[in-house]
Amino acid sequence: MPTPDKLRAKIWDLCFPDSPLDPQSTLQHLYENAALRHKSALKELLIASLTTDADTLPDWYKTFFAMPWHKIYTLNIDDVELATVRKHSLPRKIVAVSATKPTFDNRESDKNCLRVIHLNGTLDDLVDNVTFSMSQYAERLYRSA
């Protein structure tokens, strides 16, 4: 996974390939700029950057996701729980749930599955249906009122 600074640099290069990185530009502002002007390239960049390589995943993730959690909530947009499933056999099925979908349902479902609820959306929600930029945060606050 890239650090926020590395991700900021990658998005900067997408938006302004011939200019040096402006230290005043925030990750949120760059994301918004790229979402408006380079949507498909931004989506490709983020999927490549935030998709977890199961082969490099530490084994402690197996222990973490095998614990008897009721649910797991995360702010991350990555797919670490699905990478864990690709690498390890777990006692319960894992279901990634996006809280940014209009049909988000947080009620109980199958007792034999662990729901990992992505509060800011999942990789499938990129680019418009995640909570990443300032305007997306504002829009999400407005929608929930």
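Mentor: The structure holds six aromatic pairs, where rings of Phe, Tyr and Trp (its six-membered ring) pair if their centres lie within 6.5 Å, planes under 30 degrees apart counting as stacked, over 60 as edge-to-face and the rest as tilted. The model is a predicted one, in which local features need pLDDT of at least 70 and side-chain atom pairs count only at pLDDT 80 or more, whereas totals for chains, interfaces and linings use all residues. Residues are numbered from 1 along each chain as its sequence is written, and side-chain values use heavy atoms, with hydrogens and water left out.

Ring pairs join Trp60, Tyr61, Phe64, Phe65 and Trp69 into a cluster. Within it, the ring centres of Phe64 and Phe65 lie 5.0 Å apart with the planes at 90°, so this pair is edge-to-face. Phe64 also pairs with Trp69, in a tilted arrangement with 5.3 Å from centre to centre and 45° between the planes. Burial is judged by relative accessible area (buried under 20%, exposed over 50%, partly exposed in between; 1.4 Å probe, protein chains only). Phe65 is buried at 6%, while Phe64 is partly exposed at 30%. Trp69, at 31%, likewise counts as partly exposed.

Turning to the chain as a whole, there are six helices and three strands, taken as DSSP runs (helices H or I, at least four residues; strands E, at least two) numbered from the N terminus. Their order from the N terminus is α-α-α-α-β-α-β-β-α. The C-alpha trace spans about 50 × 40 × 25 Å along its principal axes, and 39% of the 145 residues are buried. Of the contacts (heavy atoms within 4.5 Å) with a separation of 6 or more, 55% are between residues 24 or more positions apart.

Nonpolar cores come next, each a set of buried Ala, Val, Leu, Ile, Met, Phe, Trp, Tyr and Cys residues joined through side-chain atoms within 4.5 Å. The largest has 19 residues, and those with the most contacts inside it are Ile11, Tyr31, Leu42, Leu46, Ile77, Leu126 and Phe132. Two or more residues each are given to this core by helices H1 (4-15), H2 (27-37) and H3 (39-50), with H2 supplying the largest share, five residues. A second, separate core of 11 residues includes Leu57, Val80, Leu90 and Leu114. Leaving aside residues up to four places away in sequence, Ile77 touches Leu50, His118, Asn120, Gly121, Thr122, Leu123, Leu126, Val130 and Phe132.

The axes of H1 and H2 come within 9 Å and cross at roughly 35°; such axes are lines fitted to C-alpha atoms, for helices over the stretch in contact, with angles from 0 to 180 degrees between N-to-C directions. Pro4, Leu7, Arg8, Ile11, Trp12, Leu14 and Cys15 of H1 meet Leu27, Leu30, Tyr31, Asn33 and Ala34 of H2. This contact has 10 nonpolar, one polar and one charged residues, with Ala, Val, Leu, Ile, Met, Phe, Trp, Tyr, Cys and Pro counted as nonpolar, Asp, Glu, Lys and Arg as charged, and the others, Gly among them, as polar.

Ile117 is buried, at 0% relative accessibility. Its C-alpha atom is separated by 4.8 Å from that of Tyr73, 44 residues apart along the chain.
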